[in-house]
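Hi,

Here is the structure I promised to pass on.

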Amino acid sequence: MKKFIVVLFLILVSYSSFAQDNFSFLQEDKKNELSIGYGPINGMTFLEGFVNIFVAIGESIGKTHRDNVSYPGLFTLEYHYQINKSLNLGAKAIYRTRSYDRYRDTDNSFVGHYANHAYTILPSLQYTYINEEYLKLYSGLDAGVCLYETYNSSSDTPRLMQVFPSFNLTVIGLKYGKDVYGLAEVNLGSDALVKAGLGMRF
């Protein structure tokens with residue numbers, strides 16, 4: 001009986017050690033991160049707002065006004081791979097759009113529909129200052145291109161496509177959670193100035 005108990009104990013200890021080793025391996029092996037995020041404005045929004053002041057002055061001189069203005073914000077999809085405890089390498093895709101209609105002041109007749117769409121792709125590097133099981137604190141640097149599409153229904157060439165260089169600095173970012181996590185960031189550049197999102201590790 002004693003031999004049986006000793007053998008059973010050794011089996012349980014061996015199994016427990018094996019399970020812990022494999023569990024640890026599985027946790028460490030989750031080096032991929034995929035997340036989605038949203039923010040109301042970015043740095044380009046401020047620049048466009050400044051330009052729009054002069055556009056609005058021109059429209060008022062031309063006796064037109066805007067209506068049905070829509071700016072839903074910025075939507076991001078990003079992937080990162082953990083190279084080591086401090087560095088993550090990946091890419092971001094960012095989409096934003098804005099649209100409005102113009103009408104004549106005299107009779108409120110329709111002049112045209114205007115819209116722009118910005119599709120941004122940014123290779124991304126993140127540096128993690130604090131890398132705990134549930135908490136990560138980091139900054140990041142992104143550089144890539146933006147495909148900028150404008151539409152003006154009243155123009156002879158209504159659709160125009162342009163490509164611009166695009167940059168972003170993540171001043172500070174926080175991720176909280178294990179397999180599924182929430183995130184919050186402060187950015188300067190193409191990404192949302194203040195962003196919140198959800199992600200998963202696998």
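Below is what I found in it.

This is a predicted model, so local features need pLDDT of at least 70 and side-chain atom pairs count only at pLDDT 80 or more, while totals for chains, interfaces and linings use all residues. Residues are numbered from 1 along each chain as its sequence is written, and side-chain values use heavy atoms, with hydrogens and water left out.

On confidence: the chain has a mean pLDDT (the predictor's confidence in each residue, from 0 to 100) of 84, and 77% of its residues reach 70 or more. Where pLDDT is low, the predicted coordinates should not be read in detail.

On the fold: there are 2 helices and 9 strands, in the order α-β-α-β-β-β-β-β-β-β-β. Both are DSSP runs numbered from the N terminus (helices H or I, at least four residues; strands E, at least two). Of contacts between residues at least 6 apart in sequence, 60% join residues at least 24 apart.

Of the 202 residues, 32% are buried, meaning under 20% relative accessible area with a 1.4 Å probe, protein chains only.

N116 counts as buried because its relative accessibility is 5%. Leaving out residues up to four places away in sequence, N116 touches R96, T97, R98, Y148, E149 and T150.

Cheers

Terms used. Buried < 20%, exposed > 50% of the residue type's maximum accessible area, 1.4 Å probe, protein only. Contact = heavy atoms within 4.5 Å.
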